[in-house]
Amino acid sequence: MMKPAQIIAQATVYALFALGIGVLSTRPSYTHFDPARALIKVSFAHGGEPVTACRKRSRAELKALAANMRKASICPRQRVALRFELSLDNTVILSETLPPTGWRGDGSSKIYRRIPTTAGRHTIVAKLRDSRRDQGFDHVSRHTITLVPGQSLSIDFKPAHGGFIYE
Amino acid sequence: MVVIAWKDEFCTGNPAVDHEHQQLIHGINSVCEGIHDGPPDDETRDRLGDLLAHITAHFALEEAVMREQLYDEYQPHKDDHEVLLDHIRDIMCAYEAGVFAGRREDFIKRLGDWFGGHFGTLDARLHRVLGQAPDPVAMKISKIDLDQGKNEINVLLTTHGK
Amino acid sequence: MEFLKRPMKFAFLWLEGWFDRFFGPKWNPFYCLGALGYYYFWIVAASGIYIFIFFDTGIPQAFTSTEYMTHDQWYLAGIMRSLHRYASDAMVVMVLMHLCREFAFDRYRGGRWFSWVTGVSTLWLVFSAGVTGYWLVWDKLAQYIAIASTEWLDWLPIFGEPIARNFLASSHFDGRFFTLLVFMHIAIPLFLLFIMWFHLQRISYAKVNPARGLAVGTLAMLFVLSLVKPAISHEMANLAEVPGVLNMDWFYLWAYPMIEHLGPGFMWAFAGGGTLLLILVPWLPPKKRRPAAVVDLKNCNGCTRCVTDCPFRAVNMQPRTDGAPFREEAVVDPSMCVSCGICVGACPTAMPFRRASDLVAGIELPDLSVAHIRAQAHEAAVPLNGKDRIIAFGCDHGCDAAKLGINNLAFVPLRCAGMLLPSFIDYVLSKNLADGVVVSGCREGECHHRIGNVWVDGRLARERDPQLRRRVPVERLLKNWAAPTDRRQLFTEISAFQARLRDLPEDDAATRLTLVNGGKTDGTETSETAA
């Protein structure tokens, strides 16, 4: 038979354990992101052009190949690195060269960046070069938006959908 | 010479049990052979100690077999083992204290009684029930006589029906 | 690592002493932390199965179905949800405390590496299960976890596309994802259950259920907590918004702020490196591995007592190999043997009364034989004199009686109290090596080798083989389980015992007889005393 002191002690232990669980399961709260600010997320996965142009095979080359291997042109596997630039209100905030992934450099280039910024009206210019050119950009997009506090704006790039997508 | 002679009727059909029973009888015989009317000696103490170890191990094995076979009278049989172990310790301590000084025959008889009672009753039933006895015959050790002339312990068996 | 373990061990011992007073040793939660972990797992599973019935996959169904359970069916599903959360939090506490305790008490070396390593693997599973559970709710907290988890995983160069892109915007996110998440949240705990079973494979008599009083108390505690503070969700997730202020469950989500502030690479190093370090703990110095028990077939008749008593399943029975007429022999697996010697304490041939030259037990520790222990007992007796001579048999891990400064006491150390065959007590007293025998070892519930003191309790109470002989005068025997922090208690007990010994009459134990008249064993007894 338990003594009263033991019952009280056990109840106290249970209460303290419950308190610990109850408190630590929600407190202290954590501020992941300043609610007064906004967030721009840039992320896309896109493959650039092959590093050199494809070349047509000559008749002699084709003849030398087995019948099932006679592909008309030879294209290099390696792709060019992408060049990406993002400006916010005329200030370049992101400027990166994105190498292709994969052992042979034949995969997509990818980017994922989080850029906290102030809420309010902003002009965003996104530029992307995915060809073999040395200068300039192949895709340029200008977007004006009013960001509310706590908003998350995502910038994606999908050629099939017309290029840059702002969501 | 004091001896318990092994007899074929003692066979249970279980080689391990028979081996240990023979070992125990040999142990008892060694103790009885060495006993004398003088004060306690180390050799007899050692032989009694060895006998204790052998019987403890034998009982442990027997209990394992009984549990494995789900023997219906496991607990009373086990209880008797514990009593017997207590008794052999009593015999050892009595010997140590010189209780049996000059009472050699008493000692031999006590040792014989100790062994024979359990062996002839509970063990006999056990081995009959487990189907290990060569014939399903109840064997009972009806009496243990010390033939003083020959210094032999005669173990008389009485056979009963099934 | 001793600098780390010593304070932990003494902290545990101190706390456990107090909890022994509050709960009693049978209900002390520290002695069944693992079992409590298992128990909380079952509460989590049962409550999880219930709320699964009402949970809907899809957007917004994941959130709305959870809200329904929490508010509309608060009296049942809501309580189940809260029980589910709080029991899983409690499980984390038990798992971590269990790990710390086993570490502090050095219970991971040698053959025990298996339990340790399998236990470490459960950490990843427990945390993954919890994280996927929070993810399912699809509130702002779930959104935060989803993005943070995928960003962390994206640090590894194994994904073609960043998987965090799945949570870039609403158009990227498919309600079908919840089907996958539900699968994960069921599959991970199922695998955890398998590992929990696996964790026990090299342990016998594993304690997987806490004492009933403790189980009832802790369930009541969780139930009350669920009523007082129901588990609720944040606002529904919205990928067009950034989760701001979050009420974190720190039991499961502590790593996420670390990822944010210290970087994903650091967290991978911490988690990966930390796991590797934990796994390697059994092999880190100082390595002390004693030789495993060995079987002597001449003295082994295959009685199986060593197998029955071994706490680590290191002994098993196999067909006889030496031609002796016995069916089986004991075989020791050295990789699993921790050299505790409990098997020796169970062996009927470890009998100190045997002829000295032949004293080899059926199973022995090569570096601490029965013959050696007997010789030590004799040696220990030499300097003792008077009416209160004590020989104390104690283990390496309990309170050291030799250091208490008690006069006329000699100490015979054993690997574990369970190594002591009760015949040794009979031997010491009947040979008049001492007036009293003390058996000491780890505190009840704290046996370093799990159940050595439990076995001793049973053997001395004549409830477990090998049993203490009835002729042993119990007034000359003191059994006291004491931790290294219980010096004062052990000192007091032994001193009082010694005083009682001085008052006992000259013992006729040597001549006490309980012989049955005429050798009858039919239960009728008469006693004879010495002439």
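Domain bounds, in what follows, come from an automatic or database domain assignment. On that basis chain A splits into domain 1, residues 1-30, and domain 2, residues 37-50 plus 79-166. The C-alpha centres of those two domains of chain A lie 52 Å apart. Before going on: this is a predicted model.

I'll stay with chain A for a moment and go to its sheet. Four strands of chain A form an open sheet in the order 7-2-10-11, with mixed pairing. Its edge strands are strand 7, residues 109-118, and strand 11, each of which pairs on one side only. From one strand to the next the twist averages 15°.

At one end of that order sits a hairpin, made by strand 10 and strand 11 of chain A. Strand 10 covers residues 152-158 and strand 11 covers residues 163-166; the two run antiparallel and are joined by four bridges. If you want a pair to look at, F157(A) has F164(A) in strand 11 as its bridge partner. Four residues lie between the strands of the hairpin, and G162(A) takes a positive phi near 100°.

There is another positive phi in chain A, at N90(A), about 70°, although N90(A) is not a glycine. You will find N90(A) in the loop between strand 5, residues 82-88, and strand 6, residues 91-98.

Which helix of chain C does helix 1 of chain A pack against? Helix 1 of chain A, residues 4-24, packs with helix 8 of chain C, residues 212-228, at an angle of about 45° and with the axes 10 Å apart. That angle makes helix 1 of chain A oblique to helix 8 of chain C. The crossing of helix 1 of chain A and helix 8 of chain C is right-handed.

As for the residues, helix 1 of chain A brings Q10(A), Y14(A), F17(A), A18(A), I21(A) and G22(A), and these meet G217(C), M221(C), V224(C) and L225(C) in helix 8 of chain C. By class, this contact of helix 1 of chain A with helix 8 of chain C has seven nonpolar residues, three polar ones and no charged ones.

The peptide bond joining R27(A) and P28(A) is cis, with omega about -5°. Strand 1 of chain A, residues 29-31, then pairs with strand 1 of chain C in the antiparallel sense, over three bridges. In that strand of chain C, N247(C) stands opposite S29(A).

Now the whole contact between those chains. It takes 35 residues from chain C and 34 from chain A. On the side of chain C that touches chain A, at least two residues each come from helix 1 (2-23), helix 4 (74-104), helix 6 (140-154), helix 8, strand 1 (245-247) and helix 9 (250-253) of chain C. The residues on that side of chain C divide into 22 nonpolar, five polar and eight charged.

Chain C also touches chain B. How many residues does each of them put into that contact? The count is 33 from chain C and 33 from chain B. Here the side of chain C that touches chain B divides into twelve nonpolar, eleven polar and ten charged residues.

Last, chain C by itself. Chain C is divided into domain 1, residues 32-235 plus 245-283, and domain 2, residues 294-517. The C-alpha centres of these domains of chain C lie 45 Å apart. Their contact takes nine residues from domain 1 of chain C and eleven from domain 2 of chain C. On the domain 1 side, the residues divide into three nonpolar, three polar and three charged.

Helix 2 of chain C, residues 33-54, packs with helix 4 of chain C at about 155°, with the axes 8 Å apart. Angles over 145 degrees count as roughly antiparallel, and helix 2 and helix 4 of chain C are therefore roughly antiparallel to each other. The crossing of helix 2 and helix 4 of chain C is left-handed. The residues of this contact divide into 18 nonpolar, seven polar and two charged.

Chain C has a cis peptide bond as well, from I59(C) to P60(C), with omega near 5°. P60(C) is placed in the loop between helix 2 and helix 3, residues 61-72, of chain C.

Technical notes: Residues are numbered from 1 along each chain as its sequence is written. Chains are lettered from A and ligands numbered from 1 in the order in which they are written. This is a predicted model: local features need pLDDT of at least 70, side-chain atom pairs count only at pLDDT 80 or more; totals for chains, interfaces and linings use all residues. Axes are lines fitted to C-alpha atoms, for helices over the stretch in contact, and angles run from 0 to 180 degrees between N-to-C directions. Angles under 35 degrees count as roughly parallel, over 145 as roughly antiparallel, 65 to 115 as roughly perpendicular and the rest as oblique. A crossing is left-handed if the near helix is turned anticlockwise from the far one by less than a right angle, and right-handed if clockwise. Two residues are in contact if their C-beta atoms, placed from the backbone, lie within 7 Å. Ala, Val, Leu, Ile, Met, Phe, Trp, Tyr, Cys and Pro count as nonpolar, Asp, Glu, Lys and Arg as charged, and the others, Gly among them, as polar. Two strands pair if DSSP finds at least two bridges between them.
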